[in-house]
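Biologist: I have a new model open on my screen and would like to learn how to read it. Could we go through it feature by feature?

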Amino acid sequence: MQRDSNHNPYPHKFHRTLRIDEFNEVFGARNIGNDVFLEEEKVSVSGRVMSLRSAGKALIFIDLHGDEQKV
């Protein structure tokens, strides 16, 4: 069986609104300091979880890598 060169071996089943590089560009400009943003907007990004760190019972930090970027 021959595969298409554009075949994604890790498909996602949701609509991604932004790539991670686009997310960093758009929302980095909206950050006014100390992770306070000018407005709130829902977006969908996809990537591979490379690190999970817990900082208490309800706070988790996740490093998401994709498109040669990290968020």
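Modeller: Gladly. Let us start with a pair of charged side chains: R19 and D21 meet in a salt bridge, with 3.1 Å from N to O. The term stands for a side-chain nitrogen of Lys or Arg within 4 Å of a carboxyl oxygen of Asp or Glu.

Biologist: Before we go on, what kind of model is this, and how are residues numbered?

Modeller: It is a predicted model, where local features need pLDDT of at least 70 and side-chain atom pairs count only at pLDDT 80 or more, while totals for chains, interfaces and linings use all residues. Residues are numbered from 1 along each chain as its sequence is written, and side-chain values use heavy atoms, leaving out hydrogens and water.

Biologist: How many salt bridges does a search of the whole structure find?

Modeller: The search finds three. One of them joins the side chains of D63 and R53, at 3.1 Å from N to O. This pair links distant parts of the chain, with D63 in strand β2 and R53 in strand β1, 10 residues apart. D63 counts as buried at 17% relative accessibility, whereas R53 is partly exposed at 38%.

Biologist: What else is D63 in contact with, leaving aside its neighbours within four places in sequence?

Modeller: A contact means heavy atoms within 4.5 Å. By that rule, the partners of D63 beyond those neighbours are R48, V49, M50, S51, R53, K70 and V71.

Biologist: You mentioned strands. What helices and strands are there in the chain?

Modeller: There are one helix and three strands, in the sequence pattern α-β-β-β. Both kinds of element are DSSP runs numbered from the N terminus: helices are H or I with at least four residues, and strands are E with at least two.

Biologist: How should I read the sheet, and in which order do its strands lie?

Modeller: In general, strands of a sheet pair through backbone hydrogen bonds, either parallel or antiparallel. Two strands count as paired if DSSP finds at least two bridges between them. In this model the three strands form an open sheet in the order β1-β2-β3, with antiparallel pairing. The edge strands are β1 (48-54) and β3 (69-70), each pairing on one side only.

Biologist: How many bridges join the strands?

Modeller: Six bridges join β1 to β2, and R53 stands opposite F61 in β2. Strand β2, residues 60-66, pairs with β3 over two bridges; there, H65 has K70 as its bridge partner.

Biologist: What lies between β1 and β2?

Modeller: The two form a hairpin with five residues between them, and G56 in the turn has a positive phi of about 115°.

Biologist: Which residues make the nonpolar surface patch?

Modeller: V49, L52, I60 and I62 make a patch of about 400 Å². Patches are made of residues with over 30% relative accessible area and no salt bridge, joining like charges within 9 Å and nonpolar side chains (Val, Leu, Ile, Met, Phe, Trp, Tyr) within 5 Å. Strands β1 and β2 each supply at least two of the patch residues. I60, in strand β2, is exposed at 53% relative accessible area.

Biologist: What do the totals for the chain come to?

Modeller: Of its 71 residues, 11% count as buried. The accessible surface is about 6,400 Å², with 51% belonging to carbon and sulfur atoms. Such areas come from the Shrake-Rupley method with a 1.4 Å probe, and for residues only the protein chains shown count as cover.

Technical notes: Buried means under 20% relative accessible area, exposed over 50%, partly exposed in between (1.4 Å probe, protein chains only).
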